[in-house]
Amino acid sequence: MSNSNCILVTGASGRTGRAVIAALANRGAYVRAFIRREEVSEELQALGANEIALGDLFEGDGLEQAVKGVDQVIHICPPMNPGEAELGKKVTDLCLAHNVRRLVEYSVLHPILSDVRHHHLKLQAEEYLINSGQIYTILQPGRYMQHHAMIWKEIMATGKHSMPFSIDAKFNIVALADLAEAAAIILTEDGHEAATYQLAGPHSLSQVDMARIISEVTGKAIIAEAKPIDTYRSGAEKAGMPAGRIEQLCIMNGHYDKLGLVGNSNVLEWILGRPATDFATYVKNDLLNN
Ligand SMILES: NC(=O)c1ccc[n+]([C@@H]2O[C@H](COP(=O)([O-])OP(=O)(O)OC[C@H]3O[C@@H](n4cnc5c(N)ncnc54)[C@H](OP(=O)(O)O)[C@@H]3O)[C@@H](O)[C@H]2O)c1
């Protein structure tokens with residue numbers, strides 16, 4: 001029997017799940033983490049998870065057992081998953097069946113972009129939730145600044161900021177720590193029912209802008225250079241990424257190449273009660289000093 005204020009976090013061992021658990025713990029929330037690999041239990045408990053629930057999101061009855069007795073669920077779907085819409089429906093139905101007070105759905109900025117599959121699937125999950133009668137809050141986060149952590153060594157070694165889309169396409173990249181804090185505020189406060197929040201970063205930046213900011217912060221000359229999509233594809237293949245995921249990432253990057261992913265930080269700043277983290281601060285605090 002769990003604490004009646006228990007919050008179930010799915011996708012708990014992932015990048016977003018871990019950040020949300022830490023932010024919830026920071027606000028004194030009682031957290032049940034849903035994981036499929038028992039070996040990460042201790043790490044999640046160290047981050048602040050009070051309970052661990054084991055299971056697979058798509059198979060078996062682990063998810064249903066985990067939903068039982070919780071007050072709220074924040075559902076963070078594995079990225080680029082072809083079953084995302086069906087899983088969203090399953091989570092909604094389980095919340096209704098087990099009288100979960102609120103379901104917080106972790107979606108994406110602009111799910112209406114029908115040419116990008118995971119946006120389209122998230123839109124279907126949102127539509128089902130909104131029509132279901134379940135009390136909800138939907139979060140629509142923009143592209144994370146944390147994508148830079150994966151290429152930081154390469155940027156520093158080569159002097160090139162090289163992502164696989166046009167160097168002029170603009171993005172309101174957002175700090176994951178801000179998103180996690182916003183999610184934790186929403187989960188621990190009243191007044192966010194039936195809301196859909198676009199959560200984007202404070203500045204609309206192209207690769208040229210990002211390279212300039214990194215140069216200013218580090219004192220090292222960095223130039224922007226679009227990574228050819230074939231180079232990106234073969235790098236992903238070499239890293240062992242499944243073919244279906246590579247395909248979807250290439251479609252997403254094709255969209256970004258033409259249109260970027262632009263949003264607005266007003267709602268995020270209203271929720272946080274402070275300015276959103278800007279890219280220069282993120283580079284200084286998270287990349288340079290780590
Ligand atoms: N990255 C961005 O810029 C961005 C922007 C907006 C929205 N989002 C959304 O954020 C969400 C989370 O992304 P992320 O980068 O945090 O993902 P991630 O780090 O890859 O984490 C995915 C999580 O899902 C778990 N998982 C995968 N398959 C599972 C299964 N069958 N049963 C149980 N658990 C399973 C993984 O567990 P294991 O650790 O065991 O693999 C992991 O905990 C995605 O829906 C994405 O679309 C991302």
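## Terms and model

The axes are lines fitted to C-alpha atoms, for helices over the stretch in contact, and the angles run from 0 to 180 degrees between N-to-C directions. Helices are DSSP runs of H or I with at least four residues, numbered from the N terminus.

This is a predicted model, in which local features need pLDDT of at least 70, side-chain atom pairs count only at pLDDT 80 or more, and totals for chains, interfaces and linings use all residues. Residue numbers start from 1 along each chain as its sequence is written.

## Helix 1 and helix 7

Helix 7 covers residues 176-188. Their axes come within 8 Å and cross at roughly 55 degrees. The two helices are therefore oblique to each other.

Residues are in contact if their C-beta atoms, placed from the backbone, lie within 7 Å. On the helix 1 side, the contact includes Arg15, Thr16, Ala19 and Val20. Helix 7 contributes Leu176, Ala177, Ala180, Glu181, Ala183, Ala184 and Leu187. By class, the residues of this contact are eleven nonpolar, two polar and two charged. Here Ala, Val, Leu, Ile, Met, Phe, Trp, Tyr, Cys and Pro count as nonpolar, Asp, Glu, Lys and Arg as charged, and the others, Gly among them, as polar.

## Two domains

The domain assignment gives domain 1 as 7-141 and domain 2 as 144-174 + 201-262 + 277-290. These bounds come from an automatic or database assignment. The C-alpha centres of the two domains lie 27 Å apart.

Domain 1 puts eleven residues into the contact, and domain 2 puts in ten. The side of domain 1 that touches domain 2 has six nonpolar, two polar and three charged residues.

## Helix 8 and helix 12

Helix 8 (residues 207-218) packs against helix 12 (residues 279-288) at an angle of about 55 degrees, with the axes 9 Å apart. This pair is therefore oblique. The crossing of helix 8 and helix 12 is right-handed.

Met210, Ile213, Ile214, Glu216, Val217 and Thr218 of helix 8 meet Phe279, Ala280, Val283, Lys284 and Leu288 of helix 12. Eight of the contact residues are nonpolar, one is polar and two are charged.

## Helix 9 and helix 10

The axes of helix 9 (residues 229-238) and helix 10 (residues 243-259) come within 10 Å and cross at roughly 155 degrees. That makes helix 9 roughly antiparallel to helix 10. Their crossing is right-handed.

Ile229, Arg233, Ala236 and Glu237 of helix 9 make the contact with Ile246, Leu249, Cys250 and Asn253 of helix 10. The contact residues divide into five nonpolar, one polar and two charged.

Definitions and conventions: Parallel < 35°, antiparallel > 145°, perpendicular 65-115°, else oblique. Contact = placed C-beta atoms within 7 Å. Left-handed = near helix turned anticlockwise from the far one by under 90°.
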